[in-house]
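Thanks for coming. I have one model to go through, so please look at the screen.

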Amino acid sequence: SSAAAKPASGPASDALALRKAPRRAAMDWAATRGLLKRAMPVCFAVGAAMELFMIKVPVGGHTFYDVAKRKKAERLLEEMEERQRVEDERLERKARLRAKYDSLLEERGNQRCSD
């Protein structure tokens, strides 16, 4: 009886296992597909309910999308302000350089006239 309980090993049993592998994989896929068919509608319904909750139910006086829109507007405003600040700094730097080089050019021009 102990020989019957012990699984066979060797080249013959390996070949048998290889022949059964595609069938086993197909059965596993069928089981997975069945699970997906049962779970998919449930997941869809849960997602739809969650989305409806986010749209309709105010928490603290604001719905999820009210908060999302406000935060997006704040980010856009900060981005615009940063762009404006960078542009202002660029223009200030340009004005300083122009004033510096204009004064240098005037000095050189006066030196040439006096020579």
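E74 is partly exposed, with a relative accessible area of 40%; on this scale buried means under 20%, exposed over 50% and partly exposed in between, with a 1.4 Å probe and protein chains only. The model is predicted, so local features need pLDDT of at least 70 and side-chain atom pairs count only at pLDDT 80 or more, while totals for chains, interfaces and linings use all residues. Residues are numbered from 1 along each chain as its sequence is written, and side-chain values use heavy atoms, with hydrogens and water left out.

E74 forms a salt bridge with R70, with the closest N and O atoms 3.6 Å apart. By salt bridge I mean a side-chain nitrogen of Lys or Arg within 4 Å of a carboxyl oxygen of Asp or Glu. R70 and E74 both sit in helix α3, four residues apart, about one turn of the helix. R70 is partly exposed too, at 41%.

How many salt bridges does the count come to? Five. Another one joins R83 and E79, with the closest N and O atoms 2.9 Å apart. These two are also four residues apart in helix α3. R83 is exposed at 58%, whereas E79 is partly exposed at 39%. For E82 and R85 the closest N and O atoms are 2.5 Å apart, and the spacing in helix α3 is three residues. E82, R85 and E89 are linked in a network of salt bridges.

Now the overall layout. The protein has three helices and zero strands, where helices are DSSP runs of H or I with at least four residues, strands are runs of E with at least two, and numbering starts from the N terminus. Buried residues make up 2% of the 115 residues.

T63 counts as buried because its relative accessibility is 13%. Leaving out residues up to four places away in sequence, T63 touches M54, I55, K56, V57 and P58, a contact being heavy atoms within 4.5 Å. V57 lies in that loop between α2 and α3 as well, and is partly exposed at 33%.

Last, the aromatics. The count comes to one aromatic pair. The rings of F64 and Y65 have centres 5.0 Å apart and planes at 85°, so the pair is edge-to-face. The rule takes rings of Phe, Tyr and Trp (its six-membered ring) with centres within 6.5 Å; planes under 30 degrees apart are stacked, over 60 edge-to-face, the rest tilted.
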